[in-house]
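Here is a short report on one chain. Keep the sequence and the 3D view at hand while reading.

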Amino acid sequence: PDFITRVANETYLTKKTVLEIFKRMNENKKESIFYNPEGWIAEFLSQLRVTVSDHIVENIDFEIINDKEVYDIEELFPEMVKHPQRELIEAGKAGLYSMIQVDSDVERGFIKDQVIPDSEEDNTVLYFKFPSKFKIQLPKIIGNYNPDWAIIRKSQDGTLKLELVRETKGGVDLERLRFPKEKRKILCAEKYFRKLGIDYKVV
């Protein structure tokens, strides 16, 4: 099978690079493609995806470009949003909307135990959940990233600033996340928000 083209298409590497990787493999490993072509190609692809993804995460950098707006704010945050009733909780005085959608008990606890008490002490001026349409664009092999929560506070000069972005997970140990892609996206997001001067954490 023309696995070189297939692997190049799925990993976004050039055919020349894929061929060079294959050439440098151990002879016995190369020959095993003839015994189980589909299984061999699937494993080859899997290992390449992991290696390329980890390489990108380690080396990715972001640059701030003062260009036109990418999103329509009115579309991202319409005046009224409809959500299934079972997933809604009271947002408190700093919520962008009166009710807010939560997808897990972890998110529910984060809002009720941390965000709302913080807003009652007038630290948090406004908070919202990033709409699913909002994506941080990352290389295709990693996939675009949709952060969880934005927290806006008042700066010392009185201006409002997006100060905190929080990702809610069942734990803060990235090695224990269910999907490796989640960890890679979070590691990229850390660099992205650091470049913007925004405090970003998994909570």
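## The sheet

β4 and β5 pair in the antiparallel sense over 6 bridges. Strands (E, at least two residues) and helices (H or I, at least four) are DSSP runs, numbered from the N terminus. Two strands pair if DSSP finds at least two bridges between them. The model is predicted, so local features need pLDDT of at least 70 and side-chain atom pairs count only at pLDDT 80 or more, while totals for chains, interfaces and linings use all residues. Residues are numbered from 1 along each chain as its sequence is written, and side-chain values use heavy atoms, with hydrogens and water left out.

Tyr-127 has Ile-151 of β4 as its bridge partner. Leu-126 is bridged to Ile-152 of β4.

Together with β6, these strands form an open sheet of 4 strands. The order is β3-β4-β5-β6, and the pairing is mixed. β3 (124-129) and β6 (199-202) are the edge strands, each pairing on one side only. From one strand to the next, the twist averages 20°. Angles run from 0 to 180 degrees between N-to-C directions, and axes are lines fitted to C-alpha atoms, for helices over the stretch in contact.

Helix α7 (residues 180-196) packs on the sheet and touches β5 (160-167) and β6. The direction of α7 makes about 165° with that of β6. Contact here means heavy atoms within 4.5 Å.

How enclosed is β4 by the rest of the structure? β4 is largely enclosed, because 5 of its 6 residues are buried. Buried means under 20% relative accessible area, exposed over 50%, and partly exposed in between (1.4 Å probe, protein chains only).

## The cores

A nonpolar core is a set of buried Ala, Val, Leu, Ile, Met, Phe, Trp, Tyr and Cys residues joined through side-chain atoms within 4.5 Å. The largest one has 26 residues. Leu-138, Ile-142, Phe-193 and Tyr-200 have the most contacts inside it. Two or more residues each come from α4 (37-59), β4, α7 and β6. The largest share, 4 residues, is that of α7.

Phe-193 is in contact with Ile-136, Pro-147, Val-165, Ile-198 and Tyr-200, leaving aside neighbours within four places in sequence.

Two packed helices are described by the angle between their axes and the distance between the axes. The table gives both for two pairs that share α1 (residues 3-11).

| Pair | Angle between axes | Axis distance |
|---|---|---|
| α1 and α4 | about 35° | 10 Å apart |
| α1 and α2 (15-23) | roughly 115° | within 9 Å |

The crossing of α1 and α4 is right-handed. A crossing is right-handed if the near helix is turned clockwise from the far one by less than a right angle, and left-handed if anticlockwise. In α1, Phe-3, Arg-6, Val-7, Glu-10 and Thr-11 take part. Their partners in α4 include Trp-40, Ile-41, Phe-44 and Leu-48. By class, this contact has 7 nonpolar, 1 polar and 4 charged residues. Ala, Val, Leu, Ile, Met, Phe, Trp, Tyr, Cys and Pro count as nonpolar, Asp, Glu, Lys and Arg as charged, and the others, Gly among them, as polar.

α1 also passes α2 in a right-handed crossing. Phe-3, Ile-4, Thr-5, Val-7 and Ala-8 of α1 meet Lys-15, Val-18, Leu-19 and Phe-22 of α2.

## Individual residues

Ser-53 sits in helix α4. Ser-53 counts as buried because its relative accessible area is 3%. Beyond four places in sequence, Ser-53 touches Ile-141, Ile-142 and Arg-184.

Lys-30 belongs to helix α3 (residues 27-31). Is Lys-30 buried or exposed? Lys-30 is buried, with a relative accessible area of 13%. Residues touching Lys-30 include Phe-22 and Trp-40.
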